Amino acid sequence: MKTRPQLTLEDCLKISAAAEAEARRNSWIVAIAILDDGGHLLHFARMDGATPANAGIALEKGRTAAISRRSSGKWEEFVKGGRTAMIKMPGILPVQGGMPIMAGGTCIGAVGVSGVQSHEDEQIAQAGIDALPKG
Amino acid sequence: MKSTFRIALLAAAAAAALPGFAQQPNPLDAVPEKMPFDMPYGTPIALDRAEAAIAAAVAEAKKRDWKMNVTVVDSGGNLVAFQRMDGAQLASIKISQHKAATAAQFRRETKAFEAGIQGGFNYLMTLDGVIGSRGGIPLVDGGKLVGAIGCSGGTGSQDEVSCKAGAAAVNR
């Protein structure tokens with residue numbers, strides 16, 4: 001039988017703390033969502049001053065990356081490249097800032113961030129993922 | 001003409017068979033002098049306190065080998081922090097969020113709705129945003145509502161135990 005790694009709450013606490021630290025280091029205020037590979041929420045943190053809108057956007061960016069196994073920024077590139085039809089993809093928010101978490105060659109979840117410029121959101125999400133042990 | 005008379009007669013007979021039915025006071029007609037649950041909304045809860053509440057709720061659940069989803073919302077009912085314990089059921093992600101938002105927006109424990117519906121006040125189910133299940137509790141700071149915590153994953157009673165531990169950790 002095929003097996004695959006699964007994110008634990010402990011992993012999520014590490015990811016979220018690292019992402020939050022990256023945001024703080026840059027004086028950025030964001031919301032950070034961590035989801036499993038089914039797009040179901042595992043962990044969420046909205047830093048003081050981040051808006052309710054940031055909460056919803058972070059969740060949707062994360063869900064996009066989780067269920068499509070690619071960054072939400074990749075979807076944004078499709079749209080920017082002229083594939084405007086991609087805006088209508090179900091469950092996809094084509095805005096940079098959602099990154100898949102890859103382990104053992106498969107996607108095991110995702111991190112979505114919202115609050116600053118999209119490329120900065122992505123930088124925060126990646127910093128969170130980088131806190132996980134490689135493998 | 002004749003049938004109208006018969007209906008009137010039947011109605012009279014029904015009223016006679018249920019003495020006092022019409023006189024029974026409707027508890028919803030009572031007009032209390034004060035507003036119930038009249039707690040002012042305060043500053044939205046800070047992330048560190050929200051996470052302290054969740055940590056306490058998760059610790060309580062872990063102690064009992066329960067698997068919970070725990071949500072904290074701010075005084076506006078908006079998501080601030082969330083944790084899903086390993087193996088907690090998926091449906092409870094949304095339920096924990098719903099419980100927390102309801103507790104914040106109605107300024108009362110969701111248990112109040114559960115009790116009301118159980119007591120026959122079915123109209124409660126028609127109110128917007130209600131969830132009739134315990135496990136959603138307001139978070140209070142200095143007499144003001146700053147947010148709410150919602151737990152879901154077990155029975156309502158298990159959810160409430162975790163929830164109370166979370167609220168107790170930050171209420172002041």
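**View 1. Chain B follows the pattern α-α-β-β-α-α-β-β-α along its sequence.** The model is predicted. Five helices and four strands make up the secondary structure of chain B. Of its 172 residues, 40% count as buried. Take the contacts in chain B between residues at least 6 apart in sequence: 65% of them join residues at least 24 apart.

**View 2. Helix 2 of chain B crosses helix 5 (residues 156-170) of chain B at roughly 140 degrees.** The two axes come within 7 Å. That angle makes helix 2 of chain B oblique to helix 5 of chain B, because angles must be over 145 degrees to count as roughly antiparallel. The crossing of helix 2 of chain B with helix 5 of chain B is right-handed. Helix 2 of chain B contributes Arg49(B), Ala52(B), Ala53(B), Ala56(B), Ala57(B), Glu60(B) and Ala61(B) to the contact. From helix 5 of chain B come Val161(B), Ser162(B), Ala165(B), Gly166(B), Ala169(B) and Val170(B). By class, this contact has nine nonpolar, two polar and two charged residues.

**View 3. Helix 1 of chain A packs with helix 4 (residues 118-130) of chain A at about 140 degrees.** Their axes are 7 Å apart. Helix 1 of chain A and helix 4 of chain A are therefore oblique to each other. Helix 1 of chain A passes helix 4 of chain A with right-handed geometry. On the helix 1 side of chain A, the residues are Ile15(A), Ala18(A), Ala19(A), Glu22(A) and Ala23(A). They meet Gln123(A), Ile124(A), Ala127(A), Gly128(A) and Ile129(A) of helix 4 of chain A. Seven residues of this contact are nonpolar, two polar and one charged.

**View 4. Helix 2 (residues 52-68) of chain A reaches 25 Å from its first C-alpha to its last.** It has 17 residues, and the span is close to the 24 Å expected at 1.5 Å a residue. The buried residues of helix 2 of chain A are Asn54(A), Ala55(A), Ala58(A), Leu59(A), Lys61(A), Gly62(A), Thr64(A), Ala65(A), Ala66(A) and Ser68(A). Just after helix 2 of chain A comes Arg69(A), with a positive phi of about 60 degrees.

**View 5. Helix 3 (residues 91-105) of chain B has end C-alpha atoms 22 Å apart.** At 1.5 Å a residue, its 15 residues should span 21 Å, so the two values agree. Buried in helix 3 of chain B are Ser92(B), Ile93(B), Ser96(B), Lys99(B), Ala100(B), Ala101(B), Thr102(B), Ala103(B) and Ala104(B).

**View 6. Ser27(A) has a positive phi of about 55 degrees although it is not a glycine.** Ser27(A) sits in the loop between helix 1 (9-25) and strand 1 (31-36) of chain A. Its relative accessibility is 65%. Ser27(A) therefore counts as exposed, since the cut-off for exposed is over 50%.

**View 7. Phe37(B), a residue other than glycine, has a positive phi near 50 degrees.** Phe37(B) belongs to the loop between helix 1 (2-17) and helix 2 (47-63) of chain B. At 41% relative accessibility, Phe37(B) counts as partly exposed, because that class lies between under 20% for buried and over 50% for exposed.

Technical notes
Residues numbered from 1 in each chain as written. Chains lettered and ligands numbered in written order. Predicted model: local features only at pLDDT ≥ 70, side-chain atom pairs only at ≥ 80, totals over all residues. Heavy atoms only, no water. Helix = DSSP H or I, 4+ residues; strand = E, 2+ residues; numbered from the N terminus. Buried < 20%, exposed > 50% of the residue type's maximum accessible area, 1.4 Å probe, protein only. Axes fitted to C-alpha atoms, helices over the stretch in contact; angles between N-to-C directions. Parallel < 35°, antiparallel > 145°, perpendicular 65-115°, else oblique. Left-handed = near helix turned anticlockwise from the far one by under 90°. Contact = heavy atoms within 4.5 Å. Nonpolar A, V, L, I, M, F, W, Y, C, P; charged D, E, K, R; others polar. Expected span 1.5 Å × (residues − 1).
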